[in-house]
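Open the model in your viewer and get ready to select residues. This short tour moves from stop to stop.

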Amino acid sequence: MEKQNNKVPLIGFTPQELCSTMQEYGGTSFQAESLMRWIYRKREKDISTFSDIPKAILQSVEQSYTVGLYPPKESKRSDDGSVKYLFANGQNQVFEAVAMSSGNRHTLCLSTQSGCRMGCRFCRTGSIRFNGNLSAGDIINQVLSIPDSKRLNRIVLMGMGEPLDNLKVVNKTLEILTADWGCALGKSNITISTVGLLSELEAFLKSPGCNLAISLHSPFPDERAMLMPVERTNPILEIIKLLKHYPLKKPLRLTFEYVALGSLNLSKNHARAIATLLSGLSCHLNIIPWNRHNAATFQSPTSDELTNFMELLNDAGIPTNLRKSMGGDIDAACGQMAGNAPH
Ligand code: SAH
Ligand code: SF4
């Protein structure tokens, strides 16, 4: 995050990072926690109102620091009620977040990078120029700066970017989202979605900070490599080995995501091979019908194709859900995010 009016933004900080400054101002580490709680949990923006911290300390803090929230530049509401927010930070990075509600589940889909380096063939984000990692402040700002921030109870890191390509920042973000001094969300209310970069995946699985979704898209290595070039250096067979070696413990859940491409990856052979690949893993499969965009020429699946495929998978004992697509009319559905690149 860049300085605002020459002051350092506090969003993205952990209390530990603020501890020595607080002590310089005559405060304590406990007060550093308290300060962060006002920002992340109570979502207050005016430092002078943080009432359990002495005024003199707050005045010192205010001389060098600001809360540092910045609003989305634009928002678009879909007919289905989901809202896409476009952000631009001081480093010329643009990125998007999408808020979706269903019953009492209020979810925000966050970006972790501006663009993405993975180049998956079916994904709009993969076709635009990569413009770097986001900071923890930029990611948390997506959560705190939208109008409905206070009612969010689920976060998915499934927007622009590959979370494991920015793992250090993503881990810090997870700490802020789940800490008592942070947003205080449960780990099982947060999910990261990844293509499965092997060494980062192993690091994540050793101390998982949330639910995990792996982008599968084909059980056949050659076909997966055609769709997702990262398969060549991060083979799905190695990913499965790691997942078996470090199983997620309840209540955390493992999901596989499968973009349904018409006439391509929905055959009986695909269903059988998926069942073999996933046997022995406690998981379920989320089918995402391909969302159309102009940067690729795949076909969306027909409803017959989807029904048949899901039946085959259920018969093979793989619990399967169809992910209802939201925000398609405003280019906010999975794989349609492109910042402000032309559509
Ligand atoms: N980079 C991460 C998370 C962001 S994409 C990942 O790839 O896992 C979130 C999900 O949307 C992934 O499963 C991705 O494969 C899928 N996706 C990408 N483009 C899509 C499209 N056009 N239609 C449907 N799903 C898509
Ligand atoms: Fe990146 Fe995910 Fe899109 Fe692949 S699907 S290009 S990893 S955002």
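Start by selecting Arg224 and Glu231: they form a salt bridge, with their closest N and O atoms 2.6 Å apart. Both Arg224 and Glu231 are buried. Keep in mind that this is a predicted model.

How many salt bridges does the structure hold? There are 10. Side chains of opposite charge can pair when their charged atoms come close.

Next, select Lys172 and Glu17. Their side chains meet in a salt bridge at 3.2 Å, N to O. Lys172 sits in helix 5 (residues 167-178) and Glu17 in helix 1 (residues 15-24), so this pair ties together parts 155 residues apart in sequence. Lys172 is partly exposed, at 23% relative accessibility. Glu17 is partly exposed as well, at 40%.

Now go to helix 6 (residues 198-206) and helix 8 (residues 236-245). Their axes come within 10 Å and cross at roughly 10°. That angle is under 35 degrees, so helix 6 runs roughly parallel to helix 8. The crossing is right-handed. To see the contact, show Leu198, Leu201, Glu202 and Leu205 in helix 6 against Glu238, Ile239, Leu242 and Leu243 in helix 8. By class, this contact has 6 nonpolar, 2 charged and no polar residues.

Is Lys241 buried or exposed? Lys241 is exposed, with a relative accessible area of 56%. Glu238 is partly exposed, at 34%.

Last stop: select Glu33, Arg37, Arg41 and Asp180. Salt bridges with shared partners join these residues into one network.

Note on methods
Residues are numbered from 1 along each chain as its sequence is written. Chains are lettered from A and ligands numbered from 1 in the order in which they are written. This is a predicted model: local features need pLDDT of at least 70, side-chain atom pairs count only at pLDDT 80 or more; totals for chains, interfaces and linings use all residues. Side-chain values use heavy atoms; hydrogens and water are left out. Axes are lines fitted to C-alpha atoms, for helices over the stretch in contact, and angles run from 0 to 180 degrees between N-to-C directions. Helices (H or I, at least four residues) and strands (E, at least two) are DSSP runs, numbered from the N terminus. Angles under 35 degrees count as roughly parallel, over 145 as roughly antiparallel, 65 to 115 as roughly perpendicular and the rest as oblique. A crossing is left-handed if the near helix is turned anticlockwise from the far one by less than a right angle, and right-handed if clockwise. Contact means heavy atoms within 4.5 Å. Ala, Val, Leu, Ile, Met, Phe, Trp, Tyr, Cys and Pro count as nonpolar, Asp, Glu, Lys and Arg as charged, and the others, Gly among them, as polar. A salt bridge is a side-chain nitrogen of Lys or Arg within 4 Å of a carboxyl oxygen of Asp or Glu. Buried means under 20% relative accessible area, exposed over 50%, partly exposed in between (1.4 Å probe, protein chains only).
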